[in-house]
Amino acid sequence: MKIRPPIRYRIRAADPAAHLFEVECTVTDPDPAGQRFALPAWIPGSYLIRDFARHIVSIRAESRGASVALAKRDKHTWRAAPCRGPLTVTAEVYGWDPSVRGAHLDATHGFFNGTCVFLRVLGREERECEVEIRPPAGRRYSRWRIATSLARKGARPLGFGGYGATDYDELIDHPVEMGTFAHASFTAGGVPHEIAITGRIDADLGRLARDLKRVCESHIRFWGGPAPMDRYVFLVMALGEGYGGLEHRASTALVCSRDDLPRPGERAITESYRTFLGLASHEYFHTWNVKRIKPAAFTPYDLERENYTTLLWAFEGVTSYYDDLALVRCGLLKAEDYLEVLGRSITQLLRTPGRRRQSVADSSWDAWVKYYRQDENSPNAIVSYYGKGALIALCLDLHIRARTAGRRSLDDVMRALWRRYGRPGIGVPEDGVERVAEEVSGLKLRALLDRWVRSTSELPLGEMLATVGIEMAVRPAESASDRGGRAASKSAAALASRAVLGARTTAEGNDVKLTHVLDGGAALAAGLAAGDVIVAMDGIRVAPKTLENRIAALRPGARARLHVFRRDELHEIGITFAAAPADTCALRFDRRAPARAAALRRGWLGR
Ligand SMILES: [Zn+2]
């Protein structure tokens, strides 16, 4: 039997003030032709080329005390001169990206994803990896601890020291937090779970742990346990303003607003806490859907370039569907509140003209250059595979339930995908989701999914929701802050007589700046463009607060002159305001729905 020595890594939070990690990678038996090393161009779960190697500020190689020449081959690959080994490459890595995708280090904490710091040893990716993690030097860091789902190999619980992974793919799938984070733990489905929160917070950790336990247990039950990981860690960074998450096989990195966490003594589930629980629920569902049930295009990941799939709607959309649904099913979200959340999701889709130009299959494929690189034209050009994907999941679920009289559902489809692809670790082919959906439901779904997934036709949301006794109403917005989900205080006819600009705006000082000019709106017809700064209407100064009110006081068809700066040049632009479009959705339970619909609804919501 051939001995395959492990790859040994050592990472030190070397200089918090300069935001520098020092990372060593040692190969005992380097490639005799010259060992190549590379950092990934992207991080799985976030579909954008990020070129992490650009944060390597210095790099050198040595063997047996002598330096070894290291030549850069392309933007993220180095080749060491041939040597007998062991060969050690040492890199300084700059970490000042506080997002869930990056690496970050200062005197208050450190965080890194393996993709940012651990060099891949080309041709040795299957080797076991040993990692030693070291704190910054100095007494002020003596209270720092570690939170990570990396397997401990010598380190004490929460301690610095030895960790390990079975191969490179696993090594880069366990982000690491270090510092003086708040910490709580709970057990779900027999699996130990931890929460580590970085940032100055005043949160009820006991309640957070209890609520997350309910969410996690609900997901484990959904997939038909046992859970596929032997421990799980929520790594949370609390900021003044923030929202985002990245899924991993046994952990998730989350960024949230400080105010999203439950305060001591608070009982109610506020909207912001619901948002946090929804985010945690989303990333936890990914433990199965996308971390283990994966598109064949990601099996294995090609870390050097874009990996194309049409299926992100099934991985992100279906996960977005179940994140809030799980909160209803485990009792953390009232059914009425769920309808509000759903109504808002539908409103968001209706306010995206790009849904008429791009299908979710195309949105998935082009995620790398469109969804992840949004600009002023994005609302007119693209559709979200998260938002529309979740509504496709809703339609598919309700369609299967209605056509099988509640005997089958999308839940069964997901569990079949888990058994066929997830558990055995087989990639899902591009037509795999719908094939399994047809097999499980016994229904012909191809033509229907051609329309929903691969075309820009509107989804039959009203019709599908009616099968579970939910009435959908669509009306114009009451104001710019109306996000939908609730019934309006005025009639739809009254709301339709409100004039609107047809653009999204932001305050720039005391001026109004257009950020997006929407297809079919008055602003676009008048020739206004993103970046324009509106300073006056009909010769009178406008401010962010007054512009909307002045337009709302007009009738559709009313005309005005807008005074606009574009590239610092003043223009006067005539505009004819249009009626507010019917783009705002409210849902409610139909108390007169037939018993069959009520029964389907109970099977669906679990209540
Ligand atoms: Zn996701």
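**Reading charged pairs and their surroundings**

Modeller: Let us start with Arg588, which counts as exposed at 52% relative accessibility, where exposed means over 50% relative accessible area, buried under 20% and partly exposed in between, with a 1.4 Å probe and protein chains only. This is a predicted model, in which local features need pLDDT of at least 70 and side-chain atom pairs count only at pLDDT 80 or more, while totals for chains, interfaces and linings use all residues. Residues are numbered from 1 along each chain as its sequence is written, and side-chain values use heavy atoms, with hydrogens and water left out.

Colleague: Which side chain meets that of Arg588 in a salt bridge?

Modeller: A salt bridge is a side-chain nitrogen of Lys or Arg within 4 Å of a carboxyl oxygen of Asp or Glu. The partner of Arg588 is Glu471, at 2.8 Å from N to O. Glu471 lies in strand β22 (residues 470-476) and Arg588 in strand β31 (residues 582-589), so the pair ties together parts that are 117 residues apart in sequence; strands here are DSSP runs of E with at least two residues, helices are runs of H or I with at least four, and both are numbered from the N terminus. Glu471 is partly exposed, with a relative accessible area of 26%.

Colleague: How should I read a salt bridge within a helix?

Modeller: An α-helix has 3.6 residues a turn, so residues three or four places apart point the same way. In helix α3 (residues 205-223), Arg207 and Asp211 are four residues apart, which means a separation of about one helical turn, and their side chains meet in a salt bridge of 3.6 Å, N to O. Arg207 counts as buried at 7% relative accessibility, and Asp211 is buried too, with 8%.

Colleague: How many salt bridges does a search of the whole structure find?

Modeller: The search finds 42. Among them is the pair Arg120 and Glu125, at 2.8 Å from N to O, in which Arg120 is buried at 11% relative accessibility, whereas Glu125 is partly exposed at 22%. Salt bridges can also be linked in a network, as they are for Glu271, Glu340, Arg344, Arg483 and Arg486.
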